[in-house]
Amino acid sequence: ADKTLYDRLGGKPALEAVVGELWAITSKDKRINKYFANTKPEAFAGQLVDFLCEASGGPCKYKGQDMVAAHTGMHLKNKDFDALAQNVVKALDKFKVPAREKKEVMTMLGSLRSSIVNH
Ligand code: HEM
């Protein structure tokens, strides 16, 4: 019960699996895939895994830009954020992440909305 979210999710292999699935879904998602037209999947996945690992209490150190800087100039809207969040839910569901952990992940991501939208 006192394990970190990172451990309860299944550690780095679980995050890699979820991020891989998130990319598979999002790269085909016509609502938002234009934003990722020039993205290198492996590099981006590595950054996202490190970010989620650190944010969920894992041992990783994210070395990328902060969330405002990373998304500045994209002018992302709430609908873009909601589309990505839906894809995260689908990816978590594919790996049968339990309700408690799913809620914690989505709450953590939701707290970043104002750093990501309208910049
Ligand atoms: C809570 C939600 C989100 C999180 C945690 C997140 C996280 C990240 C991270 C860690 C990076 C890498 C930054 C770096 O390498 O310095 C990044 C870049 C990026 N994000 Fe997000 N992001 C979120 C939402 C979104 C949304 C909603 C969109 C668009 C629909 C988006 C589009 C991008 C793009 C296009 C990049 C640049 C990728 C590249 O390097 O080519 N992000 N994001």
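Q: Where is the place of Thr-72?
A: This is a predicted model: local features need pLDDT of at least 70, side-chain atom pairs count only at pLDDT 80 or more, and totals for chains, interfaces and linings use all residues. Residues are numbered from 1 along each chain as its sequence is written. Helices are DSSP runs (H or I, at least four residues), numbered from the N terminus. Thr-72 sits in the loop between α4 (67–71) and α5 (78–94).

Q: How many other C-beta atoms lie within 10 Å of Thr-72?
A: With C-beta atoms placed from the backbone, a residue is buried if 20 or more others lie within 10 Å of its own, exposed if 12 or fewer, and partly exposed in between. Thr-72 is partly exposed, because its count is 14.

Q: How are α2 and α3 oriented to each other?
A: Axes are lines fitted to C-alpha atoms over the stretch in contact, with angles from 0 to 180 degrees between N-to-C directions. α2 (residues 11–26) and α3 (residues 41–55) pack at about 130°, their axes 9 Å apart. Under 35 degrees is roughly parallel, over 145 roughly antiparallel, 65 to 115 roughly perpendicular, and the rest oblique. The two helices, α2 and α3, are therefore oblique.
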